[in-house]
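Trainee: I have a new model to read. Can you take me through it step by step?

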Amino acid sequence: MTLIGWLQLAVTLGLVLAVVLPLGRFMARLFAGDRTLLHPLLSPVERGFYRAAGIDPAAEQSWAGYGMAMLVFSAAGFAALYAILRLQAFLPFNPQGFAGVPPDLAFNTAISFLTNTNWQAYSGEATMSHFSQMAGLAVHNFLSAATGIALAIAVTRAFARKGSATLGNFWVDLTRATLYLLLPLSILVALAFMALGVPQTLLGSMDATTLEGLHQTIALGPVASQEAIKQLGTNGGGFFNANSSHPFENPSALTNILQIWAMLAISAALPITFGRMVGSEKQGWAILSAMAVLLVGGVALTWWAEAQGNPLVTALGVAPDMGNMEGKEVRFGQAMSALFAVATTGLSCGAVNTMHDSLMPLGGLVPMVMIQLGEVLPGGVGSGLYGMVVFCVLSVFVAGLMVGRTPEFLGKKIEAREIRLAVLAVVILPLAILGFTALAAMLPAALSSLNNAGPHGLSELLYAYSSAAGNNGSAFAGLNADTPWFNVTLGIAMVLGRFAYVLPVLAMAGSLAAKSRVAASSGTFPTTSALFVGLLVGVILILGGLQFFPALALGPVVEQVLLAAGTTF
Amino acid sequence: MTEHIRPAFVLLLLFTLLTGLAYPLALTGVDRVLFPQAAIGSPVVQKGVIVGSALVGQAFADPKYFHPRPSASGYDGLASGGSNLGPLSARLIERVKGDVAALGGPGPVPADAVTASASGLDPDISPDNARAQVARVSVARNLPQDQVRALVERQVHGRIFGFLGEAHVNVLELNLALDRLAAM
């Protein structure tokens with residue numbers, strides 16, 4: 001752990017922090033329906049979209065209507081994406097002549113992209129035509145991210161309003177998030193990627209004859225445009241199999257910093273949007289602080305574990321000064337590889353510039369825990385914020401229990417119905433993760449997919465279902481997940497993690513929106529204090545973490561103990 | 001529920017046209033004009049032949065060239081990826097043991113020389129790794145060691161702005177420079 005490494009981390013996170021306020025305020029204006037700088041250019045397009053789709057932008061929806069619109073939209077997206085993947089052989093922009101994607105893989109991939117997971121059971125450069133990448137996958141990078149933001153805004157309105165039967169209009173929030181936020185930012189970031197060397201072409205590949213006379217064919221495509229939204233929308237589905245470690249996706253230390261910035265920017269700004277809309281920007285900073293504390297702690301632990309190097313490799317006469325380099329690229333270095341690994345899992349992004357399967361036991365434990373804590377640090381665009389609101393509600397509930405008062409959050413009384421719905425949401429994750437992992441660990445057909453034996457094999461399974469249910473998408477990628485068992489069960493886990501989570505949250509929002517706002521009294525627990533931030537961090541760790549501790553003890557924890565003993569598998 | 005069907009399908013279609021076709025195709029056009037070489041993968045051309053991409057690693061096995069890192073995919077440009085072997089993997093330890101023995105040099109081996117990269121296409125090696133190969137290359141080329149070592153030092157890319165990333169040597173760039181040196 002070097003001074004220069006700390007400087008790299010500080011500058012990267014500083015660049016994120018620099019945009020949190022302007023971006024957060026911009027989103028607050030956008031979703032309140034105020035005019036922004038982009039309106040002269042884009043509002044005619046927005047109105048045209050509403051007219052064509054028969055949408056009345058002034059008509060608001062109840063929580064059930066909002067949720068139903070979201071479900072119908074997701075179902076339509078699934079159908080369209082599944083069809084594109086199956087039929088890609090007959091569609092344009094297929095220079096490599098790829099055949100249609102098989103049914104179970106197309107099912108898994110379609111669910112994966114519409115739930116903002118971007119789990120990749122396929123290898124991009126060997127499976128997907130340019131049409132599938134652009135008009136299939138990248139479209140859902142935009143739309144699943146916009147859906148997440150829309151849901152977060154609906155939940156925010158529950159606290160901003162009083163006595164309201166509605167939460168907004170899903171179609172309007174979705175359209176605004178895509179048109180005014182994701183598309184302009186993607187264009188800017190894609191232009192920067194292009195200037196820094198990322199390819200953007202409709203060619204299929206480049207043929208080279210090396211200096212030694214060997215033949216090398218290198219896959220190409222519209223990478224920069226895909227890369228921009230993949231990071232900004234915390235999607236994470238790479239153009240290539242190796243994702244952001246591939247030199248075409250992430251050619252230098254500069255593109256690496258831009259990748260990390262782009263995946264963090266919107267999710268880190270949304271708490272400010274929340275604070276702004278509920279009339280207390282301080283509340284936004286309090287939430288962001290809790291996210292930052294856990295994120296930075298995680299980065300430090302992974303970096304420390306990786307910088308030591310693998311003692312079993314060092315013992316063979318390998319210099320330990322570069323740290324554990326298996327599954328890492330020379331140009332990034334340990335600090336920025338650790339930041340990427342922990343941010344991508346804290347974020348529900350899932351892009352990787354390091355192969356997580358080859359991380360040291362503790363280095364790999366952190367990303368897994370970041371996912372299991374509920375993808376709120378700072379979580380996927382939108383999903384991180386509404387997940388955090390659930391933890392805030394549970395935190396004031398715990399505080400209320402301690403002093404025997406009815407808890408309040410931002411002037412809304414938190415009662416039995418809200419707590420039941422919040423708990424219903426948070427039990428989905430352990431149910432899907434531990435349930436499916438336990439099943440897979442007993443099934444020979446599943447175990448034959450493992451790339452590593454011993455406790456690391458269990459880690460591969462646990463990571464896969466954590467990643468799917470948490471809608472993350474990164475992997476201990478040695479696991480051969482392109483089998484009917486994994487394609488189907490991981491698909492189900494992704495659906496549970498997205499929809500079975502958010503529907504109770506929307507119901508909770510509906511119930512809160514209808515309540516009046518009570519004025520703060522001397523008995524109200526202040527939710528912008530450092531004490532609240534500490535309580536929130538504690539609730540996340542205890543509620544999110546303890547449920548997984550026994551499973552983690554059998555995977556990465558025992559692996560760390562065996563490392564000290566020098567056992568191999 | 002039925003009232004949602006028209007908005008769902010119409011918006012899906014409109015956004016597919018906008019974000020799935022207009023956005024990437026417009027950027028493709030822009031890139032072709034602004035950065036024509038980077039747009040198509042930064043090809044390196046020598047005597048009219050594409051010898052590789054400036055960004056993507058390739059295999060070198062001849063002792064007269066500097067060698068890249070081990071690759072789980074054998075530098076196949078159509079199949080990127082790492083070994084995905086865990087830290088306690090017996091296969092990993094065996095592989096490293098074999099590679100260390102094959103290098104056989106005095107002193108500890110630079111870590112990147114015996115570990116597989118994440119992409120399988122890492123174009124770079126660490127400066128220490130390049131320095132450790134100077135003796136072999138000099139002998140194979142019949143060049144003075146000092147001359148080859150000086151070449152390596154000239155090819156080291158430092159950290160960007162002095163603090164971003166890691167110092168590294170691009171293997172293809174180094175080998176091209178080496179061929180030019182030998183031809184002089």
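Mentor: First, a caution. This is a predicted model.

Trainee: How many helices and strands are there in chain B?

Mentor: Start with the count, then read the order. Chain B has 7 helices and 4 strands. From the N terminus, the elements run α-α-β-β-α-β-α-α-α-β-α.

Trainee: Into which domains is chain B divided?

Mentor: Domain 1 of chain B takes residues 2-37, and domain 2 takes 42-183. Their centres, taken over C-alpha atoms, are 40 Å apart.

Trainee: What share of chain B is buried?

Mentor: Of its 184 residues, 48% count as buried. Look at contacts along the sequence too. Take those in chain B with a separation of 6 or more: 52% of them join residues 24 or more positions apart.

Trainee: How many residues are in contact between chain A and chain B?

Mentor: Count each side on its own. On chain A there are 102 residues, and they are in contact with 88 residues of chain B. The chain A side divides into 60 nonpolar, 33 polar and 9 charged residues.

Trainee: Where is Leu27(B), and which residues is it in contact with?

Mentor: Leu27(B) sits in helix 1 of chain B, residues 5-34. Set aside its neighbours within four places in sequence. Leu27(B) is then in contact with Ala190(A), Gln200(A), Ala224(A) and Ser225(A).

Trainee: Why does Leu27(B) count as buried?

Mentor: Count C-beta atoms around the residue. The cut-off for buried is 20 or more within 10 Å. Leu27(B) has 23 others in that range, so it is buried. Now look along the chain. His4(B) is 23 residues away from Leu27(B), and their C-alpha atoms are separated by 33 Å.

Trainee: Which residues have a positive phi although they are not glycines?

Mentor: Check phi, then the surroundings. Asn116(A) has a phi of about 65 degrees. Its place is the loop between helix 4 and helix 5 of chain A. Asn116(A) is buried because 32 other C-beta atoms lie within 10 Å. Thr234(A) has a positive phi of about 40 degrees. It is found in the loop between helix 8 and helix 9 of chain A. Thr234(A) counts as buried, with 36 C-beta neighbours inside 10 Å.

Trainee: Which peptide bond is cis, with omega near -5 degrees?

Mentor: Read omega. The bond from Leu377(A) to Pro378(A) is the cis one. Pro378(A) lies in the loop between helix 13 and helix 14 of chain A.

Trainee: How do helix 13 and helix 17 of chain A cross?

Mentor: Take distance, angle and hand. The two axes come within 9 Å and cross at roughly 35 degrees. The crossing is left-handed. Among the residues that meet are Met368(A) and Ile371(A) in helix 13, and Leu462(A) and Tyr463(A) in helix 17. By class, this contact has 4 nonpolar, 5 polar and no charged residues.

Conventions: Residues are numbered from 1 along each chain as its sequence is written. Chains are lettered from A and ligands numbered from 1 in the order in which they are written. This is a predicted model: local features need pLDDT of at least 70, side-chain atom pairs count only at pLDDT 80 or more; totals for chains, interfaces and linings use all residues. Two residues are in contact if their C-beta atoms, placed from the backbone, lie within 7 Å. Ala, Val, Leu, Ile, Met, Phe, Trp, Tyr, Cys and Pro count as nonpolar, Asp, Glu, Lys and Arg as charged, and the others, Gly among them, as polar. Helices (H or I, at least four residues) and strands (E, at least two) are DSSP runs, numbered from the N terminus. A residue is buried if 20 or more other C-beta atoms lie within 10 Å of its own, exposed if 12 or fewer, and partly exposed in between; C-beta atoms are placed from the backbone. Domain bounds come from an automatic or database domain assignment. Axes are lines fitted to C-alpha atoms, for helices over the stretch in contact, and angles run from 0 to 180 degrees between N-to-C directions. A crossing is left-handed if the near helix is turned anticlockwise from the far one by less than a right angle, and right-handed if clockwise.
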